[in-house]
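The sequence and the structure are shown first.

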Amino acid sequence: MSGQPNNDNYETLFSFEVLVEYIKIDKEKKASDDLALGVRLLDFPTLLIYQPEQNGNVPQRAHTGNDDGEKAHQASLRTCGVEYVFNKGKSCLFKINLDSLHSHLSNTPLYAMVLDVKDEIPKVVGTSLISLAKLVERIRCDVNVRGVSTPSSQGEKGLVGIFNLMGEKIGLISLGYKLLSLGASLLPHISENRIFK
């Protein structure tokens, strides 16, 4: 690798993907049938993920409490919750220097907001903070070994707690997220208006 230029100073293309399986809200907490998840990565624009509409334009909502397979994560809620099915996701492209991204994500988590979007002005139901420090560290290790021009993909999947403004746990989000380093070679082939800066 001694013949390669130092890629630490170059901006490279990254992709961030998030998939929301479901959101479960404590039965005692009031929320409409119309929820969305807002995901904010650093200072990039917020990604909004809405529930899919079913027949009759009513978002999918499943009451849980009787399914034996759900008992493990129901135990973490004070009461049986209400599950809002999403099975949807979003992705975005952005360019940034890898060292800068590593520094930012080591200190700033992904911010997720559960929003009640029934009314014209959305209301915050609860929020979650999700650390991406491990993902970006693994990508940096891959780049150090294989070089910046070789793609690297790291992701995780799991349950994340939702907390209200008082810091009380009010539910769970089941989601997966992935961070991909795509190198710099694709940058000239993608129009500037499709990439966050």
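Glu-17 and Lys-178 form a salt bridge, with their closest N and O atoms 3.9 Å apart; the term denotes a side-chain nitrogen of Lys or Arg within 4 Å of a carboxyl oxygen of Asp or Glu. Because Glu-17 belongs to strand S1 and Lys-178 to strand S9, the pair ties together parts that are 161 residues apart in sequence. Helices (H or I, at least four residues) and strands (E, at least two) are DSSP runs, numbered from the N terminus. Glu-17 is partly exposed at 29% relative accessibility, and Lys-178 is partly exposed at 33%. Buried means under 20% relative accessible area, exposed over 50%, and partly exposed in between (1.4 Å probe, protein chains only).

Glu-156 and Arg-138 also meet in a salt bridge, at 2.9 Å from N to O. Glu-156 lies in strand S8 (residues 152-163) and Arg-138 in helix H3, so this pair links parts that are 18 residues apart in sequence. The count comes to six salt bridges.

## Basis of the model

The model is predicted: local features need pLDDT of at least 70 and side-chain atom pairs pLDDT 80 or more, while totals for chains, interfaces and linings use all residues. Residues are numbered from 1 along each chain as its sequence is written, and side-chain values use heavy atoms, leaving out hydrogens and water.

## Helix H2

In helix H2 (residues 98-107), Leu-98, Leu-101, His-102 and Leu-105 are buried. These buried residues fall within an arc of 100° seen down the helix axis, so they line one face of H2; the arc is that of the directions from the axis to the C-beta atoms.
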